[in-house]
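Please keep the sequence and the model at hand while reading.

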Amino acid sequence: MTHPAELSATDAASRIAAGTLKARELAEAMLDVIARREPVVRAFAHLDPAMVRRQAAAVDAAPSKGKLAGLFFGVKDVLDTADQPSQYGSPIWAGHRPRTDAACVALARRAGAVIAGKTVTTEFATRFPGATTNPHNPKHTPGGSSQGSAAGVGAGMLHLAFGTQTAGSIIRPAAFCGAVGVKPSYGTLHRAGMKVMSESLDTIGVMARSVADAALAMSALTGLDHGPAEAPRAPKLALVMGATEEAGPETAPHMERVAEAARRAGATVTPVTLPALFDAAFAAHAHVMHMESAQALAWEIDHARAQLSPAMRTNMDWAMAEPPEKLLEARAAFAAAQAGFADAIAGYDAVLTPSAPGEAPEGIDFTGTPVFNSLWTLLHTPCVTIPAGTGPRGLPLGAQIVTPRGQDAAALMWAEWLRRALG
């Protein structure tokens with residue numbers, strides 16, 4: 001019999017709904033995993049096993065079970081929780097206790113999820129990292145900024161976890177930690193109760209152990225069927241390699257192996273170079289991200305500047321020194337690329353592209369570059385990364401599927417198709 005902690009989210013929730021597994025049994029099994037792995041992985045910013053047990057008991061006592069009944073759901077610590085601290089990865093907000101849950105957290109609870117704890121985020125979901133390590137090798141970064149969520153799922157301590165993405169903060173850490181990551185279309189999950197940094201970019205998404213589990217979470221949170229449906233045929237994929245000059249030596253051969261596996265399974269995979277307007281939008285990303293973040297952090301900059309990290313102060317000083325018109329120009333570049341994306345990939349079902357520059361870098365002070373993610377974030381498109389083998393150091397590599405905005409179920413469908421093609 002499968003150990004409860006090893007069940008997929010889909011199987012575990014189904015068994016709890018059927019009465020063949022108690023949420024309290026699952027909670028004890030998951031807490032055992034956490035006790036064993038957390039001292040090294042350090043995925044949690046706040047963890048209260050007694051609170052977890054009370055939530056599980058409430059699930060068992062409920063007359064009806066939601067789609068996420070009893071599942072351990074981690075919450076990135078830029079999302080508010082009414083019963084746990086919300087500190088945003090910054091000493092400025094140490095001990096902060098909101099009155100309410102973020103909207104997405106409230107929806108997860110409504111669906112029966114057990115909020116297992118707050119997961120470590122980099123400072124305000126930017127670059128300055130916490131102490132989390134990669135679950136596959138603690139000498140390497142788990143990525144950022146959703147580092148605790150990715151590591152918690154990758155280590156088997158969580159069934160599901162919330163992440164947020166402004167550049168590459170869901171897809172890249174999920175890939176580094178061997179998890180599935182879903183950055184949905186911009187605005188799919190409401191940002192009420194999130195410490196928003198960039199109005200034009202910030203997107204809430206989920207991490208999971210499988211595409212099916214991620215689809216279950218998205219379906220439960222939105223009320224819309226995210227599948228994953230059975231693909232009606234093999235896809236036509238546009239292979240977009242992007243900033244190859246920043247890729248590790250393992251990335252090009254890795255993506256060729258992924259492309260060949262897809263071709264053997266019947267897909268058409270065609271290398272595509274996007275038009276220059278996408279380069280212009282990509283170049284504008286830093287201006288939008290940092291200039292909007294400087295607006296979001298106006299209070300912290302004015303009243304608690306000394307408690308911002310040196311890197312954050314440098315970025316905010318740069319952003320505030322830029323002419324305000326630059327933000328308008330950058331947003332216009334975004335809009336032009338967004339308007340042109342459907343035409344740029346016309347005739348293809350999805351884009352196939354790297355999830356990250358390669359394996360997770362060594363050390364935990366640098367979380368990696370989002371060079372293979374920022375464009376898709378600013379385009380507001382759904383993105384899904386799946387585990388796709390390992391690199392030369394034995395660390396996970398991912399492959400990313402991107403579809404036009406609003407085609408979230410299709411992105412999950414083609415990601416699941418690719419997973420099966422990869423075997």
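## Basis of the model

The model is predicted, so that local features need pLDDT of at least 70 and side-chain atom pairs count only at pLDDT 80 or more, while totals for chains, interfaces and linings use all residues. Residues are numbered from 1 along each chain as its sequence is written, and side-chain values use heavy atoms, with hydrogens and water left out.

## Nonpolar cores

In soluble globular proteins, nonpolar side chains tend to be buried together. A nonpolar core is here a set of buried Ala, Val, Leu, Ile, Met, Phe, Trp, Tyr and Cys residues joined through side-chain atoms within 4.5 Å, where buried means under 20% relative accessible area, exposed over 50% and partly exposed in between, with a 1.4 Å probe and protein chains only. The largest core has 94 residues, of which Leu68, Phe72, Phe73, Leu79, Phe162, Leu352 and Leu418 touch the most other members. Helix 2 (residues 23-41) gives the most to this core, with nine residues; helices (H or I, at least four residues) and strands (E, at least two) are DSSP runs numbered from the N terminus. Apart from this core lies another, of 39 residues, which includes Ile171, Ile301, Met312 and Ile345.

Contact means heavy atoms within 4.5 Å. Not counting residues up to four places away in sequence, Leu79 touches Ser86, Ala102, Cys104, Val105, Lys118, Phe162, Thr164, Gly193, Met194 and Ile204.

## Leu412 in helix 14

Leu412 belongs to helix 14 (residues 408-422) and is buried, with a relative accessible area of 1%. With neighbours within four places in sequence left aside, its contacts are Val182, Val211, Ala214, Ala215, His226, Pro228 and Val384. Leu412 and Gly227 are 185 residues apart in sequence, yet their C-alpha atoms are 7.3 Å apart in space.

## Two residues of one loop

Thr132 lies in the loop between strand 3 and helix 5, and Asn134 is found in the loop between strand 3 (114-119) and helix 5 (147-154). Thr132 is buried at a relative accessible area of 0%, and Asn134 is buried at 1%. A polar atom of the Thr132 side chain lies 2.8 Å from the backbone oxygen of Arg42.

The side chain of Asn134 has a polar atom 3.0 Å from the backbone oxygen of Thr141, and reaches the backbone oxygen of Phe176 at 3.1 Å. Beyond its neighbours within four places in sequence, Asn134 is in contact with residues including His140, Pro142, Cys177, Ala360 and Leu395.

## Cavities

A cavity is a set of points, on a 1 Å grid over the protein atoms alone, where a 1.4 Å probe fits but cannot get out, and its lining residues have an atom within 4 Å of a point. Grid points are joined across faces, edges and corners, and a volume is the space filled by probe spheres set on the points. The count comes to two cavities of 30 Å³ or more.

The largest cavity has a volume of about 50 Å³, and helix 6 (171-176), helix 8 (251-264) and strand 11 (396-402) each give two or more residues to its lining. Phe176 is among the lining residues of this cavity. The second largest cavity holds about 40 Å³ of space and is lined by Glu123, Thr126, Arg127, Phe128, Ser309, Ala311, Met312 and Asn315.

Methods
A polar contact is a pair of N or O atoms within 3.5 Å; within protein, one must be able to donate a hydrogen and the other to accept it, and residues adjacent in sequence count only if both atoms are side-chain atoms. On a 1 Å grid over the protein atoms alone, a cavity is a set of points where a 1.4 Å probe fits but cannot get out, and a pocket is an open set with protein on both sides within 12 Å along at least five of seven lines; lining residues have an atom within 4 Å of a point.
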